[in-house]
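Colleague: I have a new model open on my screen, and I would like to learn how to read it. Could you walk me through it?

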Amino acid sequence: MAAAPSAVNQRRSRRPAPRPPEGTPAPAELARMARRGLADAARVAHWADGALGPGRDGTGSDGNGTLSDETAARAAEDLGLTAAQVRADWDTARLAGLVEVHGDSARPGWRLRAWDRDDSAVLRGWVALFDAWSLAVPEPAEREPAAVAEVVSAMPQVLSFLQLSAGPVPVEQLLDLLEQRVTELRTERCEIPYGPQPEPVAEPEAADAPLAPLLDWALRALACVGALTYGDGQATLTPLGSWAVWVKLEQICVAAQSPAGNIEVAAEEMLRGCAQLRPNAARAEYRAWLAARPVGSAVTELLGAARGDDALLRGLAFEALRVVGAPAEPDVRSVADEPTLRPYALLWLAEHDGIDPEDAHEVLTREEATWLWVDTAAAVADHGEAPMLVRHLESALQPTVPQLLDEVRAVGHPRTVQVLVALAAAHPDPALAKAVRRAAFQVHTGG
């Protein structure tokens, strides 16, 4: 059973993925490194899955995402660790998405479920930890918050320099680069007000604070998450750190090269802009749009667009979610009980689980497949041409038109009448068109 965009466009083609720099370990080896680095966090996450899940008497989190004293002590006893070690591993598991905290309870994240079988899930978890490096080690308490924020904003350029250097870099050189970048940031946000201004009040300025201690903090935090090694007055990216920086740079390049200019618009407008693109160009646009925003909010936007009245956008939204991949799994699974989205969600989940797209329709019941047929026909009727709608009739599971009409009427799709009227108007066989019009009239009158 074809989904809406497949009926309007040809089979989607795959854009070859860009290659990482020469010398980067294969994804399987990178995943092994990430598993080793996150082994302690995964161990605590698995413990929480068993001890704090539904029906168990664990007290879980204190409501702020940190373990309660009682739970930390219990985990320490069970795992043979100190409470401080448990808390540190728990924080790492949260940052890597291995556990999700909801109020005073915790549940395993999707990455923990896929930990042993899905290398991409492991790598995404490590990149999530890498993105949160500034939370891995407490920032210097005596430093101005503004100065800390400037250093965090400047570190991507420092990391890019380390990645391009492909080897050890003296800390003094990194400090020079950091000072230059912080100066640029201060210049960029400098605004000259118009008109007379009061005399400035003397206050401690972040600009007066030396950056060397903050660079030391940043490098220690990045070393803590496994992105680099730091010692003897120099820093070197690890293979994982170098790969992660390359991934971030690639995302920026993709976002900057959006061919149709839909990066900054909302999901629904972006999907409408992609409706006229060929599949390969549309997928490039999805990638650019996704690279420019956090994955969680992007998935929420796409599902919101899928809930609308336009069936074509519903199908395109799930095409974009295929580009998102594994991070969208929890949200897609959560909408599988919504009648409007259920067939699309089930097909997405089947393909995500490794079922061939040609066979994925077998996960649908007859009623769900018929509902999807009507929804696809609505997309074709709204955006396609009459011959396409006639060809869509041939894709129905039902062996005869009378049987198809009976089952279409039974599923109760809100666009049934419009679809049948459009099909009757498009079909060249007068007898069949008459039968379809009769069915449309019966649905309309409730007969």
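This is a predicted model: local features need pLDDT of at least 70, side-chain atom pairs count only at pLDDT 80 or more; totals for chains, interfaces and linings use all residues.

Colleague: Which residues have the most contacts inside the largest nonpolar core?

Modeller: The general idea comes first: in soluble globular proteins, nonpolar side chains tend to be buried together. Here the largest nonpolar core has 69 residues, and Trp 126, Met 155, Leu 178 and Trp 243 are those with the most contacts inside it. Helix α8, residues 145-165, gives this core its largest share, eight residues. The core also draws on two domains, with at least three residues from each of domain 1 (27-126) and domain 2 (137-189 + 211-257).

Colleague: What is Trp 126 in contact with, leaving aside its neighbours within four places in sequence?

Modeller: Trp 126 is in contact with Ala 34, Leu 38, Val 225, Gly 226, Ala 227, Leu 240, Gly 241 and Ala 244. Apart from the core we began with lies another one, of 66 residues, and Val 323, Ala 328, Trp 348 and Ala 360 are among them.

Colleague: How many helices and strands does the protein chain have, and what share of its residues is buried?

Modeller: The secondary structure comes to 22 helices and five strands. Of the 447 residues in the protein chain, 46% are buried.

Colleague: Let us turn to the strands. In what order do the three strands of the open sheet come?

Modeller: A general point to carry with you is that in a regular strand the side chains alternate between the two faces of the sheet. In this model the order is β3-β5-β4, with antiparallel pairing. β3 and β4 each have a single partner strand and stand at the edges, so one side of each is left without a neighbour in the sheet.

Colleague: How many bridges hold each pair?

Modeller: Strand β4 (residues 228-231) pairs with strand β5 (residues 234-237) over four bridges, in the antiparallel sense. Within that pair, Leu 228 has Leu 237 as its bridge partner, and Thr 229 has Thr 236. Strand β3 (residues 169-170) is joined to β5 by two bridges, also running antiparallel; there the bridge partner of Pro 170 is Gln 234. To complete the picture, α10 lies across β4 and β5 and runs at about 130 degrees to β4.

Colleague: Which residue takes a positive phi in the hairpin of β4 and β5?

Modeller: As background, most residues other than glycine have a negative phi, and most peptide bonds are trans. The hairpin has two residues between its strands, and Asp 232 takes a positive phi near 55 degrees. Asp 232 sits in the loop between β4 and β5 and is exposed, with a relative accessible area of 81%. Ala 166 is another residue other than glycine with a positive phi, near 55 degrees. Ala 166 lies in the loop between α8 and β3, and its relative accessible area of 70% makes it exposed.

Colleague: Where is Pro 210, and is Pro 210 exposed or partly exposed?

Modeller: Pro 210 is found in the loop between α9 (171-188) and α10 (212-224). At 48% relative accessibility, Pro 210 counts as partly exposed. Pro 210 and Glu 179 are 31 residues apart along the chain, and their C-alpha atoms are separated by 9.2 Å.

Terms used
Residues are numbered from 1 along each chain as its sequence is written. Side-chain values use heavy atoms; hydrogens and water are left out. Two strands pair if DSSP finds at least two bridges between them. A nonpolar core is a set of buried Ala, Val, Leu, Ile, Met, Phe, Trp, Tyr and Cys residues joined through side-chain atoms within 4.5 Å. Buried means under 20% relative accessible area, exposed over 50%, partly exposed in between (1.4 Å probe, protein chains only). Domain bounds come from an automatic or database domain assignment. Contact means heavy atoms within 4.5 Å. Axes are lines fitted to C-alpha atoms, for helices over the stretch in contact, and angles run from 0 to 180 degrees between N-to-C directions.
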